Amino acid sequence: MQQTIIGDSEINEPETEREEATDITKAERANSTSTIDNVADNVERARTLSRIAELLRSYEYKLQTTSIADRKEQLSCIDTLLHRYEDKLQAADNVSVATDSQTEAQPEQTPQKRLNAAARCCKRIGNSVRTMWAKRPKLSYVLYAVVFITVTAASVLFLQWSVYSEPVYSDDAEVDDVTRAINGVIGQLTRFVCQMWIEQKMTFLLNFLVLGLAYLALLFIINRFWITTAVFGTVMVVFSVANKFKVSLRNEPIIPADLSFISGGNTGEILSFIPSDGQDLVQMAINGLAIFIISCLILQLLDRRNGVISCRWRPSRFLTATNITAVLTRIVAAATSVILLVSFVWNLSVSHSWAQEWAQSLSDTPLLWDSLSDSRNNGPAMTFLRLAHAKTMDKPEDYSKEAMEELSERYSNTASEINATRTANLSDNTVIMVLSETFADPTRVPDVSFGIDPIPNVRNIKNNTTSGIMLSPGYGGGTANIEFQALTGMTLANFDSSLQVPYQQLLPHMEQVYSFNQIWNEAYGEDGSVAFHPYYKNLYLRDSNYKKFGFSHLYTLDSDPAIEHQDRIDNSPNVSDAAAYQNVLDSINSADHPQFIQLVTMQNHMPYNDYYAANEFKAADTSPLPDGERWQIENYAKGVSLTDQATADFLAQLDHIDEPITVIFYGDHLPSIYTTADSNEANSTILHETDYFIWSNAASASHNAKLAPENADYTSSNYFMASAAEHMNALVSPFLALLTITHEQVPAISRIIAQAGGIGDGTASSTCLDKQGNTVDMDSLSPEAKQILNDYRLVQYDLSAGKGYLWQTDFFDVEQSEHPPLTRRQVPEVQDTAVQTWEYWF
């Protein structure tokens, strides 16, 4: 028995002292049992044991009633007696060993004696182990802190490693070793850390604090440091390796929606995504984790500290003041850390929340249009947490199952009224929805003028078919938001302002999504719709989102198979619109039934450099603007002019196809190059207005159709499919009926994003335009218009954040016409076509 076991440093830990004293007493009693037959003075032994027991009982009483000094004196007496008793036991052991030696020397030792000797030896070993176990050290809190910091920092770097990749140089590239090292993964990791001092960009610190908070919350819940470290480290390694594989395969990091693969029981499918050249990395990770976990378990066994916050839950030891204080401390610490972590994640995407402002103060700059770039710049942890929760929209007060069923029935009646005067079926026509990147008439912007028309063909098309101005939520960006509205019929104006990019923040979390291409899927199966985008599929998570929409395939530069036509013009880095259109033509010519085709072009995407060999708009520019601004506008005007010609050629080719085809063409937003106009707040609406038209080829019954100006001059992308149905005189679903009458009451509605780039919080209220294009205050709308907008919000809430009651109704079902109009190919080649048409109808 050593003095340090019951020393002054542990006087303030009464519970631990009692346990240690008990353990030592048990060990000494075991020693006494093993040698009791060899102790000569049984009376003295009994007296000593009785005295020790009496002192222990006295100490237990004084533990609760006396001061620390008295308890210290009592412990000193116990220690003295234990030393004295230990000496006597040691003497007895020596006698026992001598006896055993003499017994071993005798040639004839019975088996029973040998068995007794082995038993005594085992007891001595067990007693020694028990004594050593009771004396194992308590590892220092300083060591805990060092390990905590090291593991957290390593986790940040490991996560960051998962989104970096080594640059690829051509064989003839002359790149020095320093440049290679700087641009390599190690160089990128070094820069990620060192930018705190070089650029005052605290991204590493932000990720460290966020992961540290998660680590701390887990630690207070488990209350075992080494077990927590093993769990946290394992999660970080597994996540990082999986993230590395996803980035290499799909150019996007893991997002919260990917966890549905695990919850859905698709673990085997996830494992199948491991590339063949990734087996070595997997094996290395498994070996490293095995060593790490075993080391943590060994340290947990060697560490005598029962918990980071030592407390007891057994009833016999729970009801003491010290233990109750420890238990309450642990509960408060765990609850505080968990609440803080959940609050941070919950509010990170909420505009002007404490979490968002704190993250931005530590250099967080969200890049919501590209999750991979966001993770590389802000850290994979921030990207993951940013997409974990976004407030969709407030629950309407009158939302209920009964209300949605009544709404569905009401608009079913409205659809019947609309369909009474219509004869065509949407799915009998191929519908091509063309999102033309940054297409808008530049001469509509104040102070921009040219001696020649940049878009003469589109202007002529607009004069002869349904067309007008589209109110765009973005300026200089936000393509996916306009695209989302056009495909789903929803509007950003109904969402909470913190929901900035539905493709990133909403769709990944939705189990069921409605989009208009599903009308064709319902008629022709999974091949009813297809999409083309001559860029990369990971941008805005289009690849996964288009699968949710139900498109049979999204053809991109990196899809399998890739988009076929990828021609560029002169020095432009982007695929030309003419090549993009050719992919659509190939799809139409190869299909044996009508389709819904989605095309998102890339030709006119920023930047607007001097890509084209012959730019006639340099000489034709008459704008009174600064030279730098004029230069960008001139290059942009040349690109728009090329789109204008390619679009006219595309429609001319469609006119020669004996299938009914309708094209919905629109520009998504203006480019953010109009610095002078943007500096004037009066131009806010003009900088959010693009061109659109709905056109049908010669084989369509709706060829040369043109809706009245009051129904077409101004619109927003959420109304496109309803307007197309009206243009085609096609039957509608209750949902399209809602959009039709909403468009009549509120011709254009959008959440205007003032920031260049098209991604942001938007204005405090939605922007509405009347039939003349004037901005309208929503409070001044008629009661009928307000009621319809409230119905619109109910529908959007039910589909995006509610219970999905409308999926249990026929709200999306499109009634089919019994006598659709004949197409050009169906009309018999006889002179008296009127007679044949009469026979067809009757």
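Here are a few notes on this structure, for someone looking at it for the first time.

1. Start with confidence, since this is a predicted model. The protein chain has a mean pLDDT of 84, and 81% of its residues come in at 70 or more.

2. Two stretches to take with some caution: residues 32-40 and residues 760-764. For residues 32-40 the pLDDT stays under 50, and the model gives them 13 contacts beyond four places in sequence. Residues 760-764 also have a pLDDT below 50, with 17 contacts in the model beyond near neighbours in sequence.

3. Next, have a look at aspartate 691, which sits in strand S7, residues 689-696. Is aspartate 691 buried or exposed? Its relative accessibility is 3%, and buried means under 20%, so aspartate 691 counts as buried.

4. What does the side chain of aspartate 691 pair up with? One partner is the side chain of lysine 462, through a polar contact of 2.7 Å. A polar atom of the aspartate 691 side chain also lies 2.9 Å from the backbone nitrogen of aspartate 441.

5. Both of those partners turn up again among the residues that aspartate 691 touches once those up to four places away in sequence are set aside. That list also includes Phe439, Ala440, Arg444, Gly468 and Ile469, along with Phe665, Tyr666 and Gly667.

6. Last stop: helix H31, made up of 18 residues, 783-800. From first C-alpha to last, H31 reaches 26 Å, close to the 26 Å expected at 1.5 Å a residue. Of its 18 residues, 13 are buried, so H31 is largely enclosed by the rest of the structure.

Conventions. Residues are numbered from 1 along each chain as its sequence is written. This is a predicted model: local features need pLDDT of at least 70, side-chain atom pairs count only at pLDDT 80 or more; totals for chains, interfaces and linings use all residues. Side-chain values use heavy atoms; hydrogens and water are left out. Helices (H or I, at least four residues) and strands (E, at least two) are DSSP runs, numbered from the N terminus. The expected span of a helix is 1.5 Å times one less than its number of residues. Buried means under 20% relative accessible area, exposed over 50%, partly exposed in between (1.4 Å probe, protein chains only). pLDDT is the predictor's confidence in each residue, from 0 to 100. Contact means heavy atoms within 4.5 Å. A polar contact is a pair of N or O atoms within 3.5 Å; within protein, one must be able to donate a hydrogen and the other to accept it, and residues adjacent in sequence count only if both atoms are side-chain atoms.
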